[in-house]
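Subject: Structure for your review

Dear colleague,

Please find the structure below, followed by a short account of what was found in it.

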Amino acid sequence: MRASWLPKLVVAPSFVLALLFIYGLIAWNGYLSLSASRLLPNYEFAGFQQYVNLYDSERFRVALSNMAVFGTLFVGGAMAIGLLLAILLDQKIRAEGVLRTIYLYPMALSFIVTGTAWKWILNPGLGIEHLVRQWGLESFTFDWLVDPDKAIYCIAIAGVWQSAGFVMALFLAGLRGIDDSIVKAAQVDGASLPRIYWRILIPSLRPVFFSTLMVVSHLAIKSFDLVMALTAGGPGFATDLPATFMYAMAFSRGQIGLGAASATVMLALVAAIVVPYLYSELRVKK
Amino acid sequence: MNRLATHRLLLWAALLLFAAWFLTPLYVMVVTSLKDMQQVREGNLLSLPGNPTLASWAKAWSSACTGIDCGGLRPFFVNSILMVLPAVAVSTTIGSLNGYVLAKWRFPGSETLFAMLLFGVFMPMQVVLLPMSQVLGWLGIASSIWGLILVHVIAGIPSTTLFFRNYYVGLPDELIKAAMLDGAGFWRIFTRIVLPLSTPILVVTLIWQFTNIWNDFLYGVVFSGADSKPITVGLNNLANTSSSVKEYNVDMAAAMIAALPTLFVYVVAGKYFVRGLTAGAVKG
């Protein structure tokens, strides 16, 4: 094509900027994580000391184990409810549009809004506990939000509430993409509806299943806002996740090197999920 | 026939139960925001306000305390608008140009560049926060709305580029070739042929960017200064300000104020919002 320099020139500034932003700053952050930086960036090379400190840090271990608990519940819950909703909505429901709008509206909210709302609903004083007691169950207690062992479940509940509709939308799009004639043929053969779903439709959702799993898992690793709004990592640091740990170290505890190291760990976790996916996705297309 | 009716009944019961689960928090937010504190204490989460009042809304908007300031959410709301409008406009413009080139003017290496850019959609932003705050300092726009706009524009480029590229790939190449035979060049084809066909993806991208940037908290809390904090940071500060009496009604009114712009867009143009959601995950 003529004037072949022009298209390159048009994309050059933003591409350079975005790639520098992504890879340049990742490298920079990587370097910070190998430095002795504390309150201020300090480019004195310290080897892997920050990673050793990270490994020894009890708070980071709590963050990682919370990550595992929250990640499993959030991903598992959102995937299960999302798939169920998609199948239920796929039954030629007359009010499908309205129901879909209801199931999906939390995705339009900020996690801060979701967190603020659930914090009120789950608070032990006047929230659900109060409600159930007024209904007559005087001895009912529900204080997970302030219980260091249970608060992480509250975050998972609010997270699933916000994201299940998103999973539903992805699965529903997948179900609608399946050729109707396969289902018709199975019906002619006398297969029952649950059987058709279990044996034909759900297996053919495999690609959608994997891309959804990838998207939801990487959201779990990046979770930050929801924790900040719901518990701010507390009680103590009982509900810290890697993202809130990173924020606390880098921006309020004056541990820049440690914060950078924890960010690198998060990057590695996300990359382990996303890179194989992007690779297969882009390779298939060619 | 009877079995079928039972099935439908169960199906509808499940559907409505889920609808209730999704709607309850919104309902709780609205009714709580319309009560005064006495009604909040005497009633419960689900009880309707005896005599609804907008006092909490007024307080959340103009006089609630967010930390040591007691000027309500209004200044934060204004900051968010000042930040969102330019950031959405610029990132969408850049995305459409990039997508146009990547779909219709490919050059050696353009696909690789695109793949490298795609990683930016997924990477955890924590990994760029520390260096970025230093860069913003050097540019002299740390703690300002300009800094936030710049960060949102750059961070938005990967997804806007992805949206437009995948959409433009679907436009027939013959259209472009025919225009070139007629002597149209790069810009003419873009403005006369491609852009007029872009309305759906333009709406998708504008809504996507608006929702994401309005709802962002991470950049807002890290890169803003005392007078450039966006609404999400304002809401979080308001809800977490410890005062002697916790005013849940004001918290809920504040949460509604922060949620209304994106909820409004969702209700008006939900179809396009859903398309943006699915476009990010299922690529063409």
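Between the two chains, 72 residues of chain B are in contact with 84 residues of chain A, contact meaning that C-beta atoms placed from the backbone lie within 7 Å. On the chain B side, helix α13 (residues 248–281) gives the most, with 15 residues; helices are DSSP runs of H or I with at least four residues, numbered from the N terminus. That side comprises 54 nonpolar, 15 polar and 3 charged residues, where Ala, Val, Leu, Ile, Met, Phe, Trp, Tyr, Cys and Pro count as nonpolar, Asp, Glu, Lys and Arg as charged, and the others, Gly among them, as polar.

This is a predicted model: local features need pLDDT of at least 70, side-chain atom pairs count only at pLDDT 80 or more, and totals for chains, interfaces and linings use all residues. Residues are numbered from 1 along each chain as its sequence is written, and chains are lettered from A and ligands numbered from 1 in the order in which they are written.

Chain B is assigned domain 1 (2–53) and domain 2 (74–281), with bounds from an automatic or database domain assignment. Their centres, taken over C-alpha atoms, are separated by 34 Å. Each of these domains of chain B brings 8 residues to their contact. On the domain 1 side, α1 (2–33) and α2 (37–42) of chain B each give two or more residues, and the largest share, 4 residues, comes from α1(B). By class, that side divides into 4 nonpolar, 2 polar and 2 charged residues.

Yours sincerely
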